[in-house]
Amino acid sequence: MSKPSSAASAAPVDAELIVIAMQPVKSNQLASIGYDAASKTLAATFTRGPGTVYEYPNVDAKVYADLMAADSIGSFFGKHIKPLPFKKLAPAAT
């Protein structure tokens, strides 16, 4: 039997790219957050790192609204969003 090539294990490229408008937030942990209601996708960038965008699918609009209204966005995010499955996207070129 032959071993599968390492290219076979590469993540597939999504057919549809969702562009989510990001807005800066006041948080020690998060730099910006965006939400696409049609796909129920929340996007976040962090204050540390190169600006990688993390997309969290299947986030209800109420959870997004609660996040944005939270006294501590970072604490709410850590408790309710961070444990969810996510996709990492390379930072936008500047």
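Tutor: Two strands pair if DSSP finds at least two bridges between them. Strands are DSSP runs of E of at least two residues, and helices are runs of H or I of at least four, numbered from the N terminus. The model is predicted, so local features need pLDDT of at least 70 and side-chain atom pairs count only at pLDDT 80 or more, while totals for chains, interfaces and linings use all residues. Residues are numbered from 1 along each chain as its sequence is written, and side-chain values use heavy atoms, without hydrogens and water.

Student: What makes strand 3 and strand 4 a pair?

Tutor: Three bridges join strand 3 to strand 4, and the rule asks for at least two, so they pair. They run antiparallel, and Leu42 stands opposite Tyr56 in strand 4. Six residues lie between these two strands in their hairpin, where Gly49 in the turn has a positive phi of about 105 degrees.

Student: How many bridges join strand 2 to strand 3?

Tutor: Six, again with the strands antiparallel. Asp36 stands opposite Thr41 in strand 3. This hairpin has four residues between the strands, and Lys40 takes a positive phi near 55 degrees.

Student: Why are strand 1 and strand 5 said to stand at the edges?

Tutor: The open sheet has five strands in the order 1-2-3-4-5, with antiparallel pairing. Strand 1 (23–24) and strand 5 (87–89) each have a single partner strand, so one side of each has no neighbour in the sheet. For strand 5, the pairing with strand 4 (residues 53–56) is over three bridges, and Glu55 stands opposite Lys87.

Student: How do you know whether helix 1 and helix 2 are roughly parallel or roughly antiparallel?

Tutor: By the angle between their axes, which are lines fitted to C-alpha atoms, for helices over the stretch in contact, with angles from 0 to 180 degrees between N-to-C directions. Under 35 degrees is roughly parallel, over 145 roughly antiparallel, 65 to 115 roughly perpendicular and the rest oblique. The axes of helix 1 and helix 2 (residues 73–81) cross at roughly 150 degrees and come within 8 Å. The two helices are therefore roughly antiparallel to each other. The contact (heavy atoms within 4.5 Å) is made by Val63, Asp66, Leu67 and Met68 of helix 1 and Ile73, Phe76, Phe77 and Ile81 of helix 2.

Student: Why is Val25 called buried?

Tutor: Buried means under 20% relative accessible area, exposed over 50%, and partly exposed in between (1.4 Å probe, protein chains only). Val25 has 15%, so Val25 is buried. Val25 is found in the loop between strand 1 and strand 2. Not counting residues up to four places away in sequence, Val25 touches Leu30, Ala31, Ser32, Ile33, Met68 and Ile73. In strand 3, five of the six residues are buried, and in the chain of 94 residues the buried part is 28%.

Student: What makes Tyr56 and Phe77 an aromatic pair, and of which kind?

Tutor: Rings of Phe, Tyr and Trp (its six-membered ring) pair if their centres lie within 6.5 Å; planes under 30 degrees apart are stacked, over 60 edge-to-face, and the rest tilted. Here the centres are 5.6 Å apart and the planes at 85 degrees, so the pair is edge-to-face. Tyr56 is in strand 4 and Phe77 in helix 2, 21 residues apart. Tyr56 is buried at 2% relative accessible area, and Phe77 is buried at 1%.
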